[in-house]
Each structure stands twice: as structure tokens, then as C-alpha cells.
Amino acid sequence: MSSLKISQPDELIRISYETPKTAWMDTPTVFRPGTWSYAAAPKNLSYLGLPNPRQWQPSDEDWKLPDNWRQIIIDGMKERLEKYRSFRLFMDICVRCGACADKCHFYIGTGDPKNMPVLRAELIRSVYRRYFTTVGRCFGALAGARDLTIDVLKEWFYYFYQCTECRRCSVFCPYGIDQAEITMIGRELLNLVGCNINWVIEPVANCYRTGNHLGIQPGGIKDMLEFLAEDIFDRTGVKVNVPINKKGADILFVAPSGDYFADPGTYTCMGYLMLFHEIGLDYTFSTYASEGGNFGLFASHDLMKSINYKIYAEPRRLGVRWILGGECGHMWRVVHQYMDTMNGPADFLEEPVSPITGTLFENARSTKMVHITEFTADLIRNGKLNLDPRRNDHIKLTFHDSCNPARAMGLFEEPRYIIRNTCNNFYEMAEDTIREKTFCCGAGAGLGNDENIEMRMRGGMPRAMAVRDVVKKHGVNRLGCICAIDRATLTTLMDYWVPGVNVMGVHELLGNALVMKGENERTTDLRGEPLEGC
Amino acid sequence: MQEVKQRITILTSFLAIAAIAMLAAAIAASKTAGIVLTMVVAYIVFAVFLIGFVYRIIRWAISPVPFRIPTTCGQEKSLPWIKANPLECPFGNLGVIGRMAGEIFLFRSLFRNSKAELVNGRPVYGSSKWLWFFGLMFHVSLLLVILRHLRFFTEPVVPFVGALSSLDGFLEIGIPTLYMTDTALVAGLIFLFMRRVLVPQLRYLSLFTDYFALLLIASVAVTGISMRHFFPVDLNEIKTMTMGWVTFTPVVPGKTGILFYMHLCFVMVLIAWLPFSKLMHMGGIFLSPTRNMANNNRARRHVNPWNAPVRVRTYKEYEEEFREQMIEAGIPVESTGPGEAEKDKQD
């Protein structure tokens, strides 16, 4: 649906923060084109064995729900209240102070009060009060409780798929209430009655079957990686190897599939390949574990666990020592905060030690998976790489902290250390928009589809405007990031709000600067663009 | 429409306060009611509070924490030469304690508050510390006021209460001396209430309980301050009553007046309602998993007590489906013949 009309930026930016004429419980949800995502195709639900596969769209009047849908949701809530302290606590302790309200990029971009994290949570909290608290049962609306109706369910769908689980609100909440947690549970509940979006469920189904979200089969993966190796040869004259499913390698490398599938992620992937070649790393890709990302995170804990399974099953089969992970945001949320708990312990792997520097990555001694920026920063620090940052002199870079590495890992300095060693022109964006306060790209959590384009541009607006400021101030022309979704979606976002800014991964920057043994003199960067002074 | 509804909500909360006040006046007028209130209801209220509070805390505490999900607000501990931030991104228990202390005593996260506005077609983020300032002032004052009240519940009065009271009144304005915390408490309440009423977005999301909680605490404060400064009551009578509660030999106080009964009723409603209300955040904050967990996920395995089994796709099943093209592409395979995965399933 690329024909979808979206207003010009100067029109879209006229956002009204005035509250609606009707109270929020009386304001109906309107599925306006451009602000929601298509329903999951029944074949994908069937493949994954998920409930209620059927043809439907959120804009339909009849959602074709099972007759007992209300009971299913209430039971689902009960189960989750008993399984997650976070859920129960976050239902109970909010005082509606409103500190989170204008921290959400979707609220800033739409002015819709139901996009204030506090009110997004009240959508479900009101139902919690009605069915699970004495006060709510007795006093109803006076206690902020309401019945679960079909309109409420539709409202949940609209707004829980208008949250990118970026956790910015939880940084500002005095109790650390995390809307991502509430959205995750909310989406899980919707999944129980078959209300999910295709842009999440299809990648999950693909990943289950082929090992990656894009559904690329083993032959295709090999082709793509070898194609990138040829490109590297063209640019540098160096032939790099692409080991695939190699048993007994030291390290299994897992990247987001976006990195070997499409520009500009491919340039980042070329950076990985060049780096591994240059340091002589004994590693392997896997076609079975060919996806670092995990769209299960955006559907349910069970699906997350299900497709994360391969990330441990494959290194066990291949007999590697430990796992190295590429640049990807939500992938690292799963790897860092869920994987070991869900599918560990990884006692068949060794504590990760860099074979080049001998550094033990103590912070990953249990999970046994190291972030590539940690790995590369250590290489640079130990003087193992010959870098010529002048080769990036045509780039004026700013850096976007991806939500998950920022707010679920605290990975701030590692990428910046690589940037400072590979690029002479680096400018930070405004303090309120970086590090733990970073703004989402507007399309995480499975919302980066075409039909949702207006909402993506609105949600990404705060990020884009912060980029525009450094463009005006410093002439920035490149936006760096460590996330595959970013590389795909920020490109669209920049084209809309800040034309002329391209998006790149940190390891593309590294690939440009990396002086390789036996290389030809470089005249272009990895994209084939001429270097400054050539 | 929404304006009318909002006004009704605010009005209702005032009416609820008025109802309690009237009830208190009625109780003050009736000797029997006074006896029931001070000798029976007082204990019931206290029991409801204690049991309710403990129940809520236990309910949260026994709910499992399946995943370690801290929100990191600073640099992680990774390579030794990268300076980690132990408070905003704690790696160990000490850091977590520090982080929690910051949250509980200084409202660290609220201190980050900013205000986003569109100026000339771009969002700008201004500093906005007022909520933090008045919020903290309100909470600290409330705590100190409660501590000062210990003089009614201990005999001899615990020593720090005297010191606290003289410190609190060191400005020595008026007779009896005006307590700073009383002033700050009321100022904080006025700010929090007016903010809710005047900021349209906040008014839009506020519920009856939000107004009611503030008004109820304000009513307690105003009646208390009035008794100190404008309509003095016989403190000996009150202390006799409170010590009677503490020593489980309740006595009915002599002449104390309507104001005292109002104060007492507001306090009792507050205490009895607290476990069922959002005011439970005072206990909940300690248990928030995004704040009270260390960000050492990859170094120490966190165990999920209910780790549920899920359907997975094994490598064998995968190879079974794609073996031919893997062989064709020269990708190593485990087995060259079909059927093994099938056999595996049957086993």
C-alpha cells in the first residue's frame, strides 16, 4: 500500500495537544488509514498454531472473534497477573502523575492523549480494576473501572500497536512503570483471540521455518553473503571468506537478517565480513540460526522463546566456543534480558574470550554472547586494527542510540568508541534525545510496515527533528545506529523529514576505515561513493 | 461534554470530603458514637490497614519475577576501561541499593522530568523540575509530620521527636511555633491539586481517586493545623486517648471538639482506604523490577520459576526441509538421506 497518501511534513507537524471533546472512555477508536497495521494472514497463524486464524482487517466492523472472547481475555489477564510481578504491580501503583505523558514519541507526534503512556496503560488498567479489584467491582466508573467490550478490545489493538516498546517512559516514571511490559502483555492477550498484525506474525512464522524473519532459505543466504564478499573484493581487492554452518569454528556469528538482505544494512554486513577476515577470526554464519532479531518479542513471550531457541541450539550443534551478535536493537533486548533465562543455561559453551586480544568478556560469562561493538571496541583498544578515519571524512555523522541497547543494556560508550576511532566528524544530537533518553525510530516492535506510514512518520518525528538540528548546525549528512530496524526505517524517516541524510551501521564506518592487508588503494567507500580527495 | 464530566468528578471528590466531615460532626455530637469511634472503629481501621497493606505487599512479593528487566539509564559494566555507571545501571546489589535509595529518598527518576513543546515546528524539551520539587517536598513533609505525631503514641516521648519538632519550628513564627513541614505539606498539596485541575492533559486522565486522595490528605492537614493554631484542643485528653490505644486500654477522651473528630475521621478514612488505593505506591516502589534489579543479565543467569515449554523447530526438521538445496549450495549437512527427522519425532 505504498500509494497511501500522507500529508507533507509541514502539514503533519501541525500537531494539536488539545484534549478531545469527549472523555477518553467515551472517545471511539477510529481506524484511520495510515495509522494501523494489517491483520495477520491466517496461513501464518495456522503455521504457528496460534488461535483464531481467519481473514479480517481491523477496519472491519466484525472482527470474527470467538464467542467466548471476553472470557478468554479475562482468563488470560488472570494468568498473567499471577505470572508477572511487573504486570500486577504496574496495574496497581500508578498515581497518574503524568511525568511519562510527553516522553512518548507517539504522543509528541500525534497529540492523541491515549498515546500518553499513562493513558495507554489505563486502557487495560480500567479493565483490570473492573474484574480484579474490590474497589473497581463496587464503584465502577468512579474507581476508574469499565467493562471489557468489543470497543475496548479494538482500542487496545489500535494503541498497543501504537507503542514501540521503546521504554523511554519507564526512564522518567518515578516507579519505573514500563509501558513496554504492559504493551507486551496487552498484545499477548490480543493474540489469545487472534488479533495480531501480519508484520509481526509473518516474520515469526518465517523465522520458525527458515531461521530468519525474511524467509530466506539456506541457498539464498549463501548467495547473499557471497555477493557481499564480491562487493568487498570490488572495493578493496581483498577476497574474504564466508564460512557457513562450519562445525568446530571458534565463534558463531549471528546478525539480524536485514543486514545481509537489503541496503543499507548490507554495508554494515560488509563491515563485519571485512573485520573478521582482517583479524583472522575462526567463525561461522549459520543458515539455521540466521536471525538475531526476534519478532516474537512483539507478539508473546512464548513466541519469543520459541524462535530464540535456535540461538543456543545451533552453537551446541556446531560445537563453537561462544556467540557473537551483530548490530540489532530488539535482538539485544532478547539476548541480554531473556535468552539465558528462557533457553539457557548455555553450559555447553565457554566463557567468551576474544581469540585476538585474550580479553575475557566478564559481563557475558553466563549468556556467552558478546555484542559486536564490545568485541570491536576491545580490538581497537588493544591496537589490533589499523584504522584510517580519513576515509570517512566525507561523512558528517551523528549517532542514534537504539532504544533497546540503550534502555535494556546500557550500551552507550562501546559504539561511540568505535565511531571516534573511525570517523573524524562526529556530532551528538541534543542531550534530551540521546543515550537513555533516546527517541525511537517510530517503527520498532513490528510497526515498520508501509500501511502504517503516517503513524511511523509521526512517531519518528522527535528523532528526525533532533537529526535536523545537527544537520542545520553542523552539516551532518549521515545517521549512525546499531540496529537493523533503524537502518530500514530511519531511511524512510529521513527521506520524509530530513532529506539528504543517509543511515549507516557502525560497522560500515569501520569497514570504510579498516586498512586491510593486501588491499588496493581505496577510492570509494563501501557504498561506491568517492572518498574525499580522490 | 468532557469538561462537564471532569467538573463532576472534581465536585464529587469535594462532596466525599464534605460527607466525611459531616459524619465526623455527627459523631462529635453523640456520646455513643464517640465511644464506638474511639474504642472500636479505631482498632478496626488499624487492622484493615495492617492486614490490607501486608496482604498487598505479600501479593506482589510472591508474584514471580520471570525475567530480569531493569531499565538501564547509564553505561553498562562491560570492558574494564569503559567507565560504568553503578547507580543508573547497577551491576551488583550495592548499586541496586544505591539506585533504589535515590528513587525513594530523592525521586531520582522524577528529577529527569522535562517538558516537550512544539516551537516553530520542532519539539523542544525544557527542564521541568516543579513536579519533582513539590512532590518531594510534599512527601518529606508528610513523613516528618507523621514522625512528629509519635509524641502522641510514646510515653516517655521518643527523644528524636522533640528534636525534630524544635528543628521543624526553628523559625519561631507565631505561638505556638509554626512548623515548616506543615507549611510545606500544604504548599505541596496545593501545587499537586492545582496542577491536576489546571493542566488540561492531566485533568483529562485524572480519576476521582486522584483528587480524593489529595483532598483527603489536605483535610487531615488543615484540621490538624487548625487545632494547633486557631482552635486549640486539650492535648492531654488526646494523649490519654492515643496512649490508651497503644496500651490496649482504650479510653474515651473528654472534651475535644468537632475539629478533632474531623481530624480523626479523615485520618481513619485515609488509613483504611490506603491499602485499596493508589497510595500503595509507597510500598510498591520497592518492588518495581525495572528499578530493583541489577543489569547483570549476561553475567548471572536469572531463573524463571515457571519457565514454560514451547514448540520449537529443531535443526533436524530444518535440514529435512532444506537438505536438497543445502547440498546443492555446498552448505554442510548432518545427513544426506531423508527421513531422519521423521524417525526422531516418532521416538
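Predicted model: local features only at pLDDT ≥ 70, side-chain atom pairs only at ≥ 80, totals over all residues.

Trainee: What makes helix H8 (residues 150–160) of chain A count as largely enclosed by the rest of the structure?

Mentor: A residue is buried if 20 or more other C-beta atoms lie within 10 Å of its own. Eight of the 11 residues of H8(A) are buried, so the helix is largely enclosed. The buried ones are Val152(A), Leu153(A), Glu155(A), Trp156(A), Phe157(A), Tyr158(A), Tyr159(A) and Phe160(A).

Trainee: What covers the buried residues of H8(A)?

Mentor: The cover includes H6 and H10 of chain A. Those two helices, H6 (117–132) and H10 (179–192), are also what the buried residues of H3(A) pack against.

Trainee: Which residues of H3(A) are buried?

Mentor: They are Ile73(A), Met77(A) and Lys83(A). Around the helix axis they cover an arc of only 130 degrees, which puts them on the same side of H3(A). Gln71(A) and Lys78(A), on the other side, are exposed.

Trainee: How do you know that the length of H3(A) agrees with its number of residues?

Mentor: Helix H3 covers residues 69–83 of chain A, which is 15 residues.

Trainee: Turning to whole chains, how do you know that the radius of gyration of chain A agrees with that of a compact globule?

Mentor: For 534 residues, a compact globule would have a radius of gyration near 24 Å. Chain A has 23 Å, so the value agrees with the rule. Its C-alpha atoms fill a box of roughly 75 × 50 × 40 Å along the principal axes. The chain contains 22 helices and seven strands, and 63% of its residues count as buried. Of its contacts between residues at least 6 apart in sequence, 77% join residues at least 24 apart.

Trainee: Which residues touch the most other members of the largest nonpolar core?

Mentor: In that core of 231 residues, they are Val204(A), Ile251(A), Leu273(A) and Val467(A). Beyond its neighbours within four places in sequence, Val467(A) is in contact with Thr398(A), Met429(A), Leu479(A), Met494(A), Val498(A) and Val501(A).

Trainee: How is chain A divided into domains?

Mentor: Domain 1 takes residues 9–30 + 51–195, and domain 2 takes 204–513. Their centres, taken over C-alpha atoms, are separated by 31 Å. The contact involves 19 residues from domain 1 of chain A and 24 residues from domain 2 of chain A. On the domain 1 side, the elements that give two or more residues are helix H1 (9–12), helix H5 (105–110), helix H9 (168–172) and H10 of chain A. H5(A) gives the most to that side, with five residues.

Trainee: What is the secondary structure of chain B?

Mentor: Chain B has 14 helices and two strands. Its radius of gyration is 29 Å, whereas the globule rule gives 20 Å for 347 residues, so chain B is more spread out than a compact globule. The box filled by its C-alpha atoms is roughly 100 × 55 × 50 Å along the principal axes. Of the residues of chain B, 31% count as buried.

Trainee: How far apart are the C-alpha centres of the domains of chain B?

Mentor: They lie 65 Å apart. The assignment gives domain 1 as 2–287 and domain 2 as 315–346.

Trainee: Why is Phe46(B) called partly exposed?

Mentor: Partly exposed covers the counts between exposed, at 12 or fewer neighbours, and buried, at 20 or more. Phe46(B) has 14 C-beta neighbours inside 10 Å, so it counts as partly exposed. It lies in helix H2 (residues 31–62) of chain B.

Trainee: Why is Met1(B) called exposed?

Mentor: The limit for exposed is 12 or fewer. Met1(B) has 10 C-beta neighbours inside 10 Å, so it counts as exposed. Met1(B) is found in the segment before helix H1 (2–29) of chain B. Leaving aside neighbours within four places in sequence, Met1(B) is in contact with Lys21(A) and Thr22(A).

Note on methods: Residues numbered from 1 in each chain as written. Chains lettered and ligands numbered in written order. Helix = DSSP H or I, 4+ residues; strand = E, 2+ residues; numbered from the N terminus. Rg over C-alpha atoms; globule rule 2.2 N^0.38 Å. Contact = placed C-beta atoms within 7 Å. Core = buried A, V, L, I, M, F, W, Y, C linked by C-beta atoms within 7 Å. Expected span 1.5 Å × (residues − 1). Arc of directions from axis to C-beta. Domains from an automatic or database assignment.
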